Amino acid sequence: MYKVLFIAIAVIYLSGCSAVEFPFYETPPDWKEDTVRSKTIKKYSEFLKGRKIFVDPGHGGEDRKNKSRDGKIIEAEVNLRVALYLKEYLEMAGAEVYMSRTSDITVPLQKRVELADSTQAELFISIHHNASSSSDDNYTNYTSTFYHALPGQYEYEPCNNGLAKYIQRDLSYVMGNPGGLGSFDGTYSDYVIYPGEGFYVLRKSKIPAILVECGFHTSRLEILRLNDDTFNKIQAWGIFRGIAKYFMTSIPQITFLPETLSCVNDTIEASFKLSDKYGIDLTKTVVYINKMKKKFDYDTLNNVLTIKERIEPCGEIPVRIICANKKGKHSFPYHKKFVVYCGEKKHVFFSD
Ligand SMILES: [Zn+2]
């Protein structure tokens with residue numbers, strides 16, 4: 001009797017299991033219905049309208065060796081599909097989108113960065129898919145977002161890490177993937193992959209830049225959905241939402257005050273206004289002159305930062321300022337320079 005019951009339960013259980021269909025993914029509620037999707041895009045357009053965003057689908061053209069083990073999924077092609085859908089969503093929200101490629105062509109890494117620079121875009125979003133380095137590993141699968149360098153280093157821009165967090169959260173959520181075991185929030189320094197160097201496009205980018213590795217094309221589960229067009233749209237939707245939410249909180253601005261610039265007794269003095277609607281978190285403000293951390297004066301009433309630096313010899317002196325608002329959002333990279341001309345009297349200019 002018990003034996004019959006056990007078999008009956010087993011049959012019901014197993015038939016229930018076989019009802020799970022692949023490819024498996026969920027459709028986000030704010031994406032599924034056309035009207036809800038349009039409403040969501042409209043909501044985000046307030047923050048994305050007029051923003052210039054550079055989207056970089058990794059690889060392509062002659063660079064197409066990254067593929068799934070059965071050869072059916074070509075990373076370059078998946079990257080491009082996701083990137084083109086991302087472009088579509090961003091443009092629907094009123095953003096200006098530039099791309100390193102819109103078809104299956106070869107674009108060298110250097111050219112990708114040059115293209116981004118020439119467009120004066122505000123963000124650089126590079127889209128990739130990952131692979132396990134072990135040939136018998138069909139298990140590993142996670143979503144990861146990379147930023148350049150490590151906190152505390154001169155090469156590190158905190159705004160990149162901030163942007164990575166926003167995109168990672170929404171992309172991994174819509175894909176239903178974890179962020180991997182090497183990080184608590186799924187964001188990683190690119191030094192994890194190439195110590196001391198990082199990814200070329202992140203190292204060379206002058207604007208906030210991140211690189212997403214959406215999922216692993218070596219995973220036996222991920223390969224079941226990466227060639228599914230609907231799933232690629234959902235991936236793009238996750239990145240789109242991350243970018244939109246990044247812009248929803250204000251970004252602190254740094255403005256040079258030209259009337260404050262002086263050079264007396266070989267000492268340069270200059271002031272900068274830091275502004276943000278949430279207020280400036282002074283503990284996160286950092287000034288570098290000649291790549292060295294420097295002390296500064298701060299007028300908390302007017303949010304004016306003043307630096308004084310003794311100069312010798314003459315020439316170009318790099319100035320870098322980092323600040324953050326009280327919501328933890330960091331300023332965009334701010335790299336300028338003092339140009340000091342020596343004559344009878346020293347003259348100083350402030351320049352990009
Ligand atoms: Zn790649």
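User: Two strands pair if DSSP finds at least two bridges between them. With that in mind, in what order do the six strands of the open sheet come?

Analyst: The order is E2-E1-E3-E6-E4-E5, and the pairing in this open sheet is mixed. Helices (H or I, at least four residues) and strands (E, at least two) are DSSP runs, numbered from the N terminus. Please keep in mind that this is a predicted model, in which local features need pLDDT of at least 70 and side-chain atom pairs count only at pLDDT 80 or more, while totals for chains, interfaces and linings use all residues. Residues are numbered from 1 along each chain as its sequence is written.

User: Which strands stand at the edges there?

Analyst: Strand E2 (96-99) and strand E5 (187-189) do, and because each has a single partner strand, one side of each is left without a neighbour in the sheet. On average, neighbouring strands of this sheet are turned by 25° against each other, direction ignored; axes here are lines fitted to C-alpha atoms, for helices over the stretch in contact, and angles run from 0 to 180 degrees between N-to-C directions.

User: What joins E4 to E5?

Analyst: Strand E4 (residues 144-147) runs parallel to E5, and three bridges join them. Within this pair, phenylalanine 146 stands opposite tyrosine 188 in E5, and threonine 145 has threonine 187 in E5 as its bridge partner.

User: And in which sense do E4 and E6 pair, parallel or antiparallel?

Analyst: They pair in the antiparallel sense, over three bridges, with serine 144 standing opposite glutamate 213 in E6.

User: Which way do the E4 residues point?

Analyst: Ser144 and Phe146 point one way from E4, Thr145 and Tyr147 point the other way, and all are buried. A residue is buried if 20 or more other C-beta atoms lie within 10 Å of its own, exposed if 12 or fewer, and partly exposed in between, with C-beta atoms placed from the backbone. As a general point, side chains in a regular strand alternate between the two faces of the sheet.

User: Let's move to helices. What does H5 lie across?

Analyst: Helix H5 (residues 109-119) lies across strand E1 (52-57), E2 and strand E3 (123-130), and runs at about 165° to E1.

User: How do H6 and H8 pack?

Analyst: Helix H6 (residues 158-175) and helix H8 (residues 229-248) pack at an angle of about 145°, and their axes are 7 Å apart. H6 passes H8 in a right-handed crossing; a crossing is left-handed if the near helix is turned anticlockwise from the far one by less than a right angle, and right-handed if clockwise.

User: Which residues meet there?

Analyst: From H6 they include Leu163, Tyr166 and Ile167, and from H8 they include Ile234, Trp237 and Ile239. By class, this contact has 12 nonpolar, three polar and four charged residues, where Ala, Val, Leu, Ile, Met, Phe, Trp, Tyr, Cys and Pro count as nonpolar, Asp, Glu, Lys and Arg as charged, and the others, Gly among them, as polar.

User: Where are the domains?

Analyst: The domain assignment gives domain 1 (27-248) and domain 2 (253-351), and such bounds come from an automatic or database domain assignment. The centres of the two domains, taken over C-alpha atoms, are separated by 33 Å. Seven residues of domain 1 are in contact with eight residues of domain 2, where contact is counted if C-beta atoms, placed from the backbone, lie within 7 Å.

User: What about the sheet of four strands, what is its order?

Analyst: That open sheet has the order E7-E8-E12-E11 with antiparallel pairing, and its edge strands, strand E7 (253-264) and strand E11 (297-299), each pair on one side only. Three bridges join E11 to strand E12 (residues 304-310), and in E12 the bridge partner of aspartate 299 is valine 304.

User: Is methionine 292 buried or exposed?

Analyst: Methionine 292 is exposed, because there are 10 other C-beta atoms within 10 Å. This residue is found in strand E10 (residues 292-294), and its C-alpha atom is separated by 8.7 Å from that of tyrosine 154, which is 138 residues apart along the chain.

User: Last one, how many helices and strands does the protein have?

Analyst: The secondary structure comes to eight helices and 15 strands, and of the 352 residues of the protein, 39% count as buried.

Definitions and conventions. Contact = placed C-beta atoms within 7 Å.
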